[in-house]
Every structure is written in C-alpha cells, then in structure tokens.
Amino acid sequence: MSQPCFYTVPLFSTLSYDELQGIHSLFHHKKFKKGELIFSPFDEETLIIVNRGQFKVYRLTNDGIEQYIRIVGKGNYEGENYLFGENNQDLYGEALVSTEICVIHKKDFQYLLQSFPHFSWQLLRLNARKAIHTEEQVTLLAFEKIEQRLACYLIHLTGKSNNPKLTFTLPISEKELASYLGTRPETISRKFKIFEEHHYIRKVRRTIHIIDDQALRNLY
C-alpha cells in the first residue's frame, strides 16, 4: 500500500501532522484493478480520493453510450457534491489502471468540515478549480466542428506540459476522447490523420508532438 493519501494530497495540505494523525481512522483504503467500477449511481455517499492510479468519470446515455466527463488522478478527489445532499443518479467511476483510493464516509466528512475550518477553505478552493475545468469542457463543446474541438483540446494540453517541444501523452484513449468531445472514435481518428497530413502534429500511439501550434490555434 502506498503512503496514506492524506499525507500527500492537496486537499489535506492545510492540516498539521498531528491533525492528520488524529483523523487517521476516518480513512478507508481500497484497491481496484483496471476496468473495475469504483462507484456507481445510488452508492453510499463518500468522498473518494486517489492515492495511486486514476479513474474515469462518465455517465450512460439513454442509448447505453458512455459520455466521458473527466479523469480523476493521483491527489484528486470525487464525490464531494453528494456529501452536501445531492444524489448521484447517473455517474460512474471506472479504474483506468490499477488504482488505490481513500474513502471518507459522509458523517466523517461532516466532522472534518466542522472541526477544521482551514480544511473547509481548501475544499472550496479546489472545487473552484474543478469548476474551471468543467467550464473548459463546455467551451470545447461550444465549437461546431470536431476539428475545432480537437485542436482546442490539444492546445489546452500543451499548457499542462513542461516540455518545450510541446510533446505530451494523451491522458485518455481515443474512444474516451471522442466521448469527451461529443463525437465518434472513428471521427477522432480521422481528424488526427488530417492533422498529421497537414503537419500540425505528429502522433505515435498516444504520444502527441505539436509541430505547428499556431495552425491549430487558427482552427478555432
């Protein structure tokens, strides 16, 4: 088992070592293999924190098609909305790789909020960041053409890379990316090929090298 999540994740960074030691028993640790469901609609309300690995959050349409929402990676969390009275009626979480999580139940989460005001402030701060990411997805879907959505998505990823050559790895598969951008996998595959033919990018499996970032920006 990796080091307990509350020692390493940003959500608990405002708590002292002694405070963390005092809440140690509130955390429950679980492991999941790739493809296993971490949560589903109408599960018990819990805060899920990723200690190692990552999982995808998605909903199923009426046709049974996955609609990708986001990836939750190491140090991030999911489920806080349901601890404030909302019901999860349509979201699922599935491990993308072998994943370890910490779980906090609703009553223990409420204890943390009441006992540590600085924890409450950190939660608000990080939730604001999550809201920004949601707005970014809405912005992508506002573009009419898929190539605009894809170009904008790729440029957004370059901002998360420290590599000056603008090389990065796609965090999700083409199937999941298609769901995220509101289209089909074959359409995404075709747009990638077009981008390569125009020398906007070079793609090797899930590794992307941006050759002409200005050309991509000009698409949207």
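Guide: The domain assignment of the protein chain gives domain 1 (5–138) and domain 2 (144–218), with bounds that come from an automatic or database domain assignment. The model is predicted: local features need pLDDT of at least 70 and side-chain atom pairs count only at pLDDT 80 or more, whereas totals for chains, interfaces and linings use all residues. Residues are numbered from 1 along each chain as its sequence is written, and side-chain values use heavy atoms, with hydrogens and water left out.

Taken over C-alpha atoms, the centres of domain 1 and domain 2 are 28 Å apart. Domain 1 brings 10 residues to the contact and domain 2 brings six residues, where contact means heavy atoms within 4.5 Å. The size of an interface is often given as the accessible area lost when the parts come together. Here the buried area is about 720 Å², with 55% of it from carbon and sulfur atoms; this is the accessible area (1.4 Å probe) that two parts lose on being put together, summed over both. Of the area that domain 1 buries against domain 2, Tyr 68, Glu 136 and Gln 137 supply 54%, more than any other three residues.

Between the domains there is one salt bridge, that is, a side-chain nitrogen of Lys or Arg within 4 Å of a carboxyl oxygen of Asp or Glu. Lys 56 forms a salt bridge with Glu 176, and their closest N and O atoms are 3.3 Å apart.

On the side of domain 1 that touches domain 2, the elements giving two or more residues are β4 (54–60), β5 (66–73) and α3 (117–142). Such elements are DSSP runs numbered from the N terminus: helices (H or I, at least four residues) and strands (E, at least two). The largest share of this side, five residues, comes from β5. By class, the side divides into four nonpolar, three polar and three charged residues; Ala, Val, Leu, Ile, Met, Phe, Trp, Tyr, Cys and Pro count as nonpolar, Asp, Glu, Lys and Arg as charged, and the others, Gly among them, as polar.

β4 and β5 pair in the antiparallel sense over seven bridges, pairing being assigned if DSSP finds at least two bridges between two strands. Val 57 has Arg 70 in β5 as its bridge partner. The two strands form a hairpin with five residues between them, and Gly 64 in the turn has a positive phi of about 80°.
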